[in-house]
Amino acid sequence: MTKDLVDRGLLVELETVPSTGGRPGRLLGLADGPAPRAIGAKVTADHVAIVSVGFDGSTFDQSSHPFDPASPDALDTLGRLLRETVDAQEGPVLGAGVGLPGSVDSQASGVVVAPTLGWSNVPVGASLRRALDLPVLVENDVNTLAVAEQLYGVGRDHRSFLVLTIGRGIGSGLVVDGTIRRGAAGGAGEIGHFPVHDDGPPCTCGNVGCLESFIGDDALRARAVAAGILRPGDTVADLTDRAEAGDRAARDLYHDAGRLLGRTLAGVVHLLDPEVVILLGEGIGAWKHWRSGFDAAFRAHLLPSRRAMPFVVEPWADDKWALGAAALVLATPFDAAGASGEQGRLVVARLHSDVGAEPAPTASRRA
């Protein structure tokens, strides 16, 4: 098996290690250099983050580009940005993964409903496949983070875990027994749209009283303006600055947001029973102000048998979303559940056909 992988250029032989009773062992490394790569993109309401990732998970290039999802040529622009990244790669490209803040019917089809982008039933997958002439996998952005956690992060040590993000929206992704749970129509994990109040503020989804309408970035900013903490035109970053400077009203607002998040998350834990909760997102930089309300509410609303539930807060970097999207492509050879569909099969076919024609690679990481 390893000889075949070496012949394909996916593995390289390294040095020999001393014998422990039998023949000396030969170390193997994942190939670098011209070995296959994957492109990942995270689409937001104002920019696109793009990375290229090697077969061993190493990041080669990363970039960020202004993006207007309301533009009539938004999909053409996205396709052009990805095409430029593909063309710049030295080795073969297996495919592209794209993460977006919304519901996706399937990774392979890629029809997107994303209220924060103003998109409804937009055929993202089909459009990008025409632009790139490559397999394209499209997924909810928090699910892409969950895939990245499986391959690179805390999720490597757990079979079942929950990823929760705070920032512009409030989202979650669930892995159960090593498999992403997408739901019947790709909309599983929309914790931000849990109804938490009958007469709450209007939400971008069209309902009222959703969790996100209380504690998403726009909601926090609006509440801060109404309370006189911020001026119109200020941002949630200004709110964080005020909390850092000791403004009691700003800290109280974050405390209340953390308490509501903790109480809601406790209910999600009871429903899904993960091994661990992983918290991250654009808003995680203000976590110490959220945490004052979160910790007590989360523990208090858990059943006694679940009060030791661990949660991990991870530092944030914008390119992590894009890395998660690229991970969709890299994970397709291990997609036992078939979530990637025909596009995943095309990725595997490219893995078999493209690599053998490339020059011999160098070693990048021991396996």
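The structure is a predicted model, in which local features need pLDDT of at least 70 and side-chain atom pairs count only at pLDDT 80 or more, while totals for chains, interfaces and linings use all residues. Residues are numbered from 1 along each chain as its sequence is written, and side-chain values use heavy atoms, with hydrogens and water left out.

Begin with the rings. A search of the whole structure gives seven aromatic pairs, where a pair means rings of Phe, Tyr or Trp (its six-membered ring) with centres within 6.5 Å. Planes under 30 degrees apart count as stacked, over 60 as edge-to-face, and the rest as tilted. The Tyr254 and Trp290 rings have centres 6.1 Å apart and planes at 45 degrees, so this pair is tilted. It links distant parts of the chain, 36 residues apart: Tyr254 belongs to helix α8 (residues 248-272) and Trp290 to helix α9 (residues 287-300). Helices here are DSSP runs of H or I with at least four residues, and strands are runs of E with at least two, both numbered from the N terminus. Tyr254 counts as buried because its relative accessibility is 2%, and Trp290 is buried at 2% as well. Buried means under 20% relative accessible area, exposed over 50%, and partly exposed in between, with a 1.4 Å probe and protein chains only.

A further pair, Trp287 with Phe294, is edge-to-face, at 5.1 Å centre to centre and 65 degrees between the planes. Together with Phe298 and Phe311, Trp287 and Phe294 form one aromatic cluster.

Rings also meet charges. A charge sits over a ring if NZ of Lys or CZ of Arg is within 6 Å of the ring centre and within 35 degrees of the ring normal. The charged end of Arg37 sits over the Phe60 ring, 3.6 Å from its centre, and that of Lys42 sits over the Trp321 ring at 4.2 Å.

Eight of the eight residues of β6 (residues 93-100) are buried, so the strand is largely enclosed by the rest of the structure.
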